[in-house]
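Open the model in your viewer and keep the sequence panel beside it. The stops below go from the domains to the contacts between two of them.

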Amino acid sequence: MAKIINVIKGTKDILPQDVSSWHRLEETALDVFSKYGYKEIRTPIFEATELFARGVGDTTDIVNKEMYTFEKSDRSLTLRPENTAGVVRSFIENGMARLSAPVKLWYHGPMFRYERPQAGRQRQFHQVGVEMFGVKQPAADAEVILLAVNYLKALGLNDLTVEINSLGCPSCREEYKRKIKEVLKPEFENLCEDCQNRYEKNPLRLLDCKVESCKEIFEKPEIKKVIQADFICDECAEHFSELKFYLNKMGVKYSENKLLVRGLDYYNRTVFEIKSNNLGSQNAVCGGGRYDSLVRNLGGDDVPAVGWAMGMERLNSLLPPVEAEKLDAYIVSNSPADAFMLAEDLRCNGKAVEFDLSNKKFTKQLEKAAKVAKFALILCEDEIKSGTVSVKNLDTSEQKTVNKNEVLTLI
Ligand code: ATP
Ligand code: MG
């Protein structure tokens with residue numbers, strides 16, 4: 001026998017029995033997001049590597065360690081590790097800045113990151129996300145957070161915590177970064193290797209470190225005082241307090257987390273995460289924030305933006321599985337040609353119908369019907385002769401013989 005080829009580590013098949021759970025995420029997204037005026041966008045799965053280096057930021061783990069990059073005809077291409085950069089590229093390239101603001105877009109699809117696979121962490125995983133362009137006011141931040149919460153509610157997820165923080169703007173953040181570096185300098189040797197690397201390039205990211213020994217350092221009173229200090233300027237503080245005003249008004253429960261910095265470089269002012277109280281260590285289901293300089297950094301106009309992404313595998317792991325839909329009817333017959341005609345007729349009328357294509361015995365066909373369909377339609381010599389069909393409800397076992405053209409009224 002030929003050697004079996006297996007699925008690649010960190011990737012998974014979504015099998016037919018599981019696909020209904022994915023449809024639920026996608027259909028609920030379409031349903032909820034449309035109410036807020038979002039339109040779906042589908043961008044390519046690979047893009048120029050430079051887009052992510054510039055868009056996500058070349059001091060991030062995503063760009064430094066996690067990208068699937070390959071060369072083709074002297075071009076460096078990368079499988080998208082996230083989709084904000086791709087959506088922003090398309091926004092600029094298609095002149096969407098000329099449309100009347102806000103431009104509201106949503107997407108779903110596979111993302112690729114070379115990470116250590118574990119529960120809740122894959123190398124090909126899926127995200128659903130939204131991006132809103134053109135509004136600098138905090139009402140936009142509040143609306144996208146509310147949208148995330150309402151999407152999760154529509155899916156039946158209520159036991160979640162919304163965490164928010166403000167990263168300030170580039171100018172007030174500079175001072176904060178300087179203070180963090182200063183207070184952590186004596187501890188430099190005790191920081192993990194990643195934090196030592198980030199210390200110069202991206203000191204805010206230290207606060208996000210998951211290593212226990214680093215977390216302990218940040219808990220030291222003199223260090224905690226600096227980290228937790230209110231560093232943001234008056235304008236950023238006003239933006240943040242207005243956001244909280246709207247969230248309170250809309251009844252969104254949240255907590256403030258000063259250590260929330262997010263792994264991507266492009267955020268300013270608002271950042272947020274939604275965590276589940278039911279997932280283990282990979283408990284973040286949604287991450288997002290405001291990114292007012294990304295459109296300009298990628299060559300577009302000065303267009304403020306805010307958005308988020310959710311991990312779809314993590315959403316599914318929090319939800320009960322969706323039972324696969326049964327067929328409306330399965331035809332049990334010893335005349336394939338008659339079964340064929342009846343099946344086509346019902347399919348044309350919108351019903352999901354199958355019949356036996358391989359001349360199986362009557363009892364076998366009936367067993368199959370009981371497994372896969374809501375009704376068995378029995379079409380044997382007697383029925384064919386009299387132009388009738390015996391319709392059996394497979395839940396109640398109730399059976400009725402009716403004229404062929406009345407079948408539709410019963411199933
Ligand atoms: P984490 O802290 O879990 O690594 P992240 O900050 O890298 O998350 P984002 O880039 O903000 O995550 O992506 C948003 C969401 O996508 C996450 O909250 C998570 O639900 C999901 N996600 C991210 N990476 C993976 C992965 N490798 N496998 C499965 N889901 C993922
Ligand atoms: Mg990550």
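Which domains does the domain assignment give for the protein chain? Colour residues 16-169 + 232-318 as domain 1, 170-231 as domain 2 and 327-409 as domain 3; these bounds come from an automatic or database domain assignment. The model is predicted, so local features need pLDDT of at least 70 and side-chain atom pairs count only at pLDDT 80 or more, while totals for chains, interfaces and linings use all residues. Residues are numbered from 1 along each chain as its sequence is written, chains are lettered from A and ligands numbered from 1 in the order in which they are written, and side-chain values use heavy atoms, with hydrogens and water left out.

Next, select domain 1 and domain 2. Their centres, taken over C-alpha atoms, are 25 Å apart. In contact (heavy atoms within 4.5 Å) are 19 residues of domain 1 and 18 residues of domain 2. The two domains bury about 1600 Å² between them, 50% of it on carbon and sulfur atoms; buried area is the accessible area (1.4 Å probe) that two parts lose on being put together, summed over both. Now pick Cys169, Lys258 and Leu259 in domain 1: these lose the most area to domain 2, together 38% of what that side buries.

Salt bridges (a side-chain nitrogen of Lys or Arg within 4 Å of a carboxyl oxygen of Asp or Glu) between domain 1 and domain 2 number three.
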